[in-house]
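Open the model in your viewer and keep the selection tool ready. We will go from stop to stop, picking out what to select next.

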Amino acid sequence: MTDDLRLADHPNEAGEPDAAAGVVPAAPEITETEDDVARERALRAGLDEFELDEEDAALLDAEWAGEESEPEEILPVLAVVGRPNVGKSTLVNRILGSREAVVEDQPGVTRDRVPYQADWAGRRFTLVDTGGWEVDVAGIESKVASQAEVAVTLADAVLFVVDAQVGATSTDERVVEMLRRSGKPVVLVANKVDGAAGEADAAYLWSLGLGEPHPVSGLHGRGTGDLLDAAMAALPEVSEHGEARPVGPRRVALVGRPNVGKSSLLNKIAREDRVVVHDEAGTTRDPVDELIEIKGVPYWFVDTAGIRRRQHLTQGADFYAGLRTAAAIDKAEVTVVLLDASESLTEQDQRILSQVVDSGRALVLAFNKWDLMDEDRRPFLEREIEKDLGQVAWAPRVNVSARTGWHTEKLVPALEQALSSWDMRIPTGRLNAFLGELVAAHPHPLRGGKQPRILFATQASTRPPRFVIFATGFVEAQYRRFIERRLRETFGFEGTPISISVRVREKRRR
């Protein structure tokens, strides 16, 4: 087996790889001849003899319009920090107005710094949830605390959350020292004040020396309006730390089963520790968005929680983490599914691949931990790929090591290839010329003495490519798969699922 199972560079017109040009290549332009256009007009006119509904007419008469992305403004950054289990993620969800952050009644659920887009009183800002900050801890807790400190460094203002029912602890006082060193504006939040009786507990937090404590209940929403007014006053109009989202960054979701190396791969691509990595399976809970520029091309990488074996049996934080991962896949444009090359492919891997394909996202397969695979494992892996990955044989495959960084740069051409295919559109004339030649050489088999005739075809949409075929009878699934296979052989479509639907239409009655 070669170092890369299947990944070839696709040169541009100048004969150089597109990645070297520093821009994401556009979907390839497929030209159509005058004969193709004439054929399209003739077939389209022939459809007038058949019963078409309003939806058919709208599809056939629709004009293709490309999609353009607008650059976003640089938003001020508001970080939410505090020791574990003071209700930071609950408060974040209250500010967002939805359950975005994973919440459970135990400390240490949030581990990474997770940014969200929020708004209040007409002002938009980036809200950053963080893991609990603790003193003199080791292992994963120390990495969580480190990420919280980074969040403060990269923020324009800070919400410091304290549990008013417990009062100020020695850990809270150490957090105050850290915040004073940062020099950032701080708004003190006295959380878990569910009624007027709790406001007396909040008053004791004046002793922290951070000014007025704002009594709130993140769970019930009490006092959050006044808190946000104070936060908006602390946030500068012009951000010093926010990042502008460039025009058209593509969203890349990293998915796979737990402990397959998704967070390690993200850190290696970013060339810094953006997310917490630990040997413990299930370290990541919330999807983490990171804007990373690779060879001049910006991408939004989304690190997700591992998809566990039996999602319906998981509980608490793991259950909600699984829901967030599914939502992250739906929001992504291309998904990198990480597989452990050193272990046999599992039914869980198959389920993850099916979930990605069903979502319609572009797909790249990354075989991680290649450095841990011995020579005896390689022939078995080849057979597993041939046997178990046949349904995604169209996906680019890259072998990487997230631990050492080996071949991680090869993800870029694979992502470009998959996204280019995901965006590809075949002109209607060229599509019908292709189908005409295909059907003439390989007609649909007779069933019950009848043979369906393909009347016309059009590409209804991209992202992913979806084709609609008008026919006089039912086109069997096996023949649709044959059409898909020939579409891929002729036009490429490497890295994207393809949808082919058939509309059976009868002739108009005279």
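This is a predicted model: local features need pLDDT of at least 70, side-chain atom pairs count only at pLDDT 80 or more; totals for chains, interfaces and linings use all residues.

**Stop one: a covered strand**

Residues are numbered from 1 along each chain as its sequence is written, and side-chain values use heavy atoms, with hydrogens and water left out.

Now select all of E1, residues 77–81. Helices (H or I, at least four residues) and strands (E, at least two) are DSSP runs, numbered from the N terminus. E1 pairs in the parallel sense with E3 (residues 123–129) over 4 bridges. Strands count as paired if DSSP finds at least two bridges between them. E1 also runs parallel to E4 (residues 157–163), again joined by 4 bridges. There, Val80 has Leu159 as its bridge partner.

Are the faces of E1 covered or open? Both are covered: Val77, Ala79 and Val81 are buried on one side, Leu78 and Val80 on the other. Buried means under 20% relative accessible area, exposed over 50%, and partly exposed in between (1.4 Å probe, protein chains only). In a regular strand the side chains alternate between the two faces of the sheet.

**Stop two: the largest nonpolar core**

Select Tyr299, Phe301, Val334, Val336 and Val364. Of the 28 residues in the largest nonpolar core, these touch the most other members. Such a core is a set of buried Ala, Val, Leu, Ile, Met, Phe, Trp, Tyr and Cys residues joined through side-chain atoms within 4.5 Å. Elements that give two or more residues to this core include strand E9 (297–303), strand E10 (334–340), strand E11 (362–368) and helix H12 (411–422). H12 supplies the largest share, 7 residues.

Stay on Val364. Leaving aside neighbours within four places in sequence, its contacts (heavy atoms within 4.5 Å) include Val334, Val336, Pro396, Leu411 and Ala418. A second, separate core has 23 residues, among them Leu127, Ala157, Val216 and Ala231.

Go to H11, residues 377–388. Its 12 residues should span 16 Å at 1.5 Å a residue, and the end C-alpha atoms are 16 Å apart, which agrees. The expected span is 1.5 Å times one less than the number of residues.

Which residues of H11 are buried? Select Arg377, Arg378, Leu381, Glu384 and Ile385. They cover an arc of only 115° around the axis, so they lie on the same side of H11. The arc is that of the directions from the helix axis to the C-beta atoms. These buried residues pack against E11 and strand E12 (397–399). Turn to the other side of H11: Glu386 and Lys387 are exposed there.

**Stop four: an open sheet**

Select E13, E14 and E15. These 3 strands form an open sheet in that order, with mixed pairing. E13 (454–461) and E15 (499–504) are the edge strands, each pairing on one side only. E14 (residues 466–471) runs parallel to E15, joined by 6 bridges. Zoom in on Ile469, which stands opposite Val502 in E15.

**Last stop: the whole protein**

Zoom out. The protein has 14 helices and 15 strands. Of its 510 residues, 50% count as buried.
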